[in-house]
Amino acid sequence: MRMLDSYNISIDGKDAVVIGRSNIVGKPMALSLLNRNATVTICHSKTKDLASTTKNADIVIVNTCAFIQSAQEEGHQQFLDKHNLFHS
C-alpha cells in the first residue's frame, strides 16, 4: 500500500485485481484495498481467462512473477508486483 501511496495512485472507488491468493501477500493486499474502498477481484492459477478479468482493472497487483508478462501484454500502464511498481 505504501508503494501505491508513494506514487499518488488513488485507490478509492477503483477496480483492483490481485493476482495471487497467498496468505502472506495476496489476501492481506486484497483486504487492504477493500479497506481503502476499492472493488477487489482475486485471481489465481485456476482463474479462467485472466486476460478478460484484468482488462478493465484500474489497478493490477501481481503476487507471482509468472503473471507479470500477462499484465504487460494486456497493456496495463502500471501494475504492482510484490517488489516493484512498473510503469509502461
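This is a predicted model: local features need pLDDT of at least 70, side-chain atom pairs count only at pLDDT 80 or more; totals for chains, interfaces and linings use all residues.
Helices (H or I, at least four residues) and strands (E, at least two) are DSSP runs, numbered from the N terminus. Strands 1 and 3 run parallel and are joined by four bridges; two strands pair if DSSP finds at least two bridges between them. From strand 3, Ile59 and Ile61 point one way, while Val60 and Val62 point the other way. All of these residues are buried, where buried means under 20% relative accessible area, exposed over 50% and partly exposed in between (1.4 Å probe, protein chains only).

A nonpolar core is a set of buried Ala, Val, Leu, Ile, Met, Phe, Trp, Tyr and Cys residues joined through side-chain atoms within 4.5 Å. The largest such core has 11 residues, among them Leu4, Ala16, Leu33, Ile59 and Ile61. Strand 1 (15–19), helix 2 and strand 3 (59–62) each supply at least two residues of this core, and helix 2 gives the most, with three residues. A second, separate core of seven residues includes Val17, Leu50, Val60 and Val62. In soluble globular proteins, nonpolar side chains tend to be buried together. Apart from its neighbours within four places in sequence, Leu33 is in contact (heavy atoms within 4.5 Å) with Met1, Leu4, Ile11, Ala16, Val18, Ala38, Val40 and Ile61.

One salt bridge was found in a search of the whole structure, defined as a side-chain nitrogen of Lys or Arg within 4 Å of a carboxyl oxygen of Asp or Glu. The salt bridge joins the side chains of Asp5 and Arg36 (2.7 Å, N to O). This pair links distant parts of the chain, 31 residues apart: Asp5 belongs to helix 1 (residues 2–6), and Arg36 to the loop between helix 2 (26–35) and strand 2 (39–43). Asp5 is partly exposed, with a relative accessible area of 35%, and Arg36 is likewise partly exposed, at 32% relative accessibility.

Thr54 lies in helix 3 (residues 50–55) and counts as buried because its relative accessibility is 2%. A polar atom of the Thr54 side chain lies 3.3 Å from the backbone oxygen of Ala51.

Key. Residues are numbered from 1 along each chain as its sequence is written. Side-chain values use heavy atoms; hydrogens and water are left out. A polar contact is a pair of N or O atoms within 3.5 Å; within protein, one must be able to donate a hydrogen and the other to accept it, and residues adjacent in sequence count only if both atoms are side-chain atoms.
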